[in-house]
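Hello,

I am passing a structure on to you.

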Amino acid sequence: MKSPVRKMFDGIASRYDFLNHFLSCYQDVLWRRYCCKRLKKMMAAGMLAEKSIDEMPLSKLQDEMPRDLNKVRLLDLCGGTGDFANTFRKIFESGCVCARDFVVDPAVIGDFSYGMLAEVKPKKIDAHAVQLDAMKMPFAELQFDVILNGFGMRNVPDARGALLESYRVLDAGGYLCVLEFFSPRNLFNKFFYKVLAPLFIPVMGAFFSGKRDAYEYLVNSIIRFLPVDQFCKMAEECGFEVKQVKMFDGGISFGVFLHKPGKA
């Protein structure tokens, strides 16, 4: 039997991208771009992780990069319609950000909502859409170099289970980037998510998609989720190293960059 949350996402799939952009004033596009640019620089640094990648000249970065880092196996987990994977490919295969050429294998976009995944094909993304459970993925160990999770971690029934499963399928030296709305803790976030968001997000969601309950769920899921510091602690308990936590727009969202150690 289809879960209520899965049914809800199936129902809003056709308007999901538009409403994400509209409700965030297109900031979600910038957040994804930042995360992908930052991942590119982190991966380009590769085995030079002990050095400061922020201070290293790009020419030196290019000269010292190990050759085996140019191929990237990507999983966009809770990937919805594939926006994050699409942004990742554009950033990684462009010549900007760092002096390093990357080749991205056809991505795997995994999500529990078939309705969301059905929106991938019209975008003509070089990717395979796979319906899956984030807590029990149909992949062998060490299959991916990068896992993206954009606004999906709080929709998983067991975030710890999803982190452990991500750790299992991620290769040693790989990265997990979680872009998420975490539970508010400062005054601005609490005012935004507990006062402003409940007023305008469900109304706009209902107007454009006819699914007010889905956008009420969106707001409530943020309030119920972990704060970012607790999420990072949980990630460390699962074996990850927290490389960076980036606050966007006063804490409306955060990018959490996690690294799986082990590659010499």
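Is C177 buried or exposed? Buried: its relative accessibility is 0%. Bear in mind that this is a predicted model.

**Cysteines**

**K40**

This lysine lies in helix α2, which covers residues 27–45. K40 is buried, and its relative accessible area is 0%. What does the K40 side chain reach? The backbone oxygen of I91, at 3.1 Å.

**Helix α6**

This helix covers residues 159–169. At its start, a side-chain oxygen of D158 comes to within 3.2 Å of the backbone nitrogen of R160. Which residues of α6 are buried? They are A159, G161, A162, L163, E165, S166 and V169. E165 is worth a look on your screen: a glutamate listed among the buried residues.

The buried residues of α6 pack against several elements. Four are strands: β2 (74–77), β6 (144–150), β7 (170–180) and β9 (253–259). The helix α9 (228–237) is also on that list.

An α-helix has 3.6 residues a turn, so residues three or four places apart point the same way. Keep that in mind when you view the buried positions of α6.

Best wishes

Definitions and conventions:
Residues are numbered from 1 along each chain as its sequence is written. This is a predicted model: local features need pLDDT of at least 70, side-chain atom pairs count only at pLDDT 80 or more; totals for chains, interfaces and linings use all residues. Side-chain values use heavy atoms; hydrogens and water are left out. Helices (H or I, at least four residues) and strands (E, at least two) are DSSP runs, numbered from the N terminus. Buried means under 20% relative accessible area, exposed over 50%, partly exposed in between (1.4 Å probe, protein chains only). A polar contact is a pair of N or O atoms within 3.5 Å; within protein, one must be able to donate a hydrogen and the other to accept it, and residues adjacent in sequence count only if both atoms are side-chain atoms. Contact means heavy atoms within 4.5 Å.
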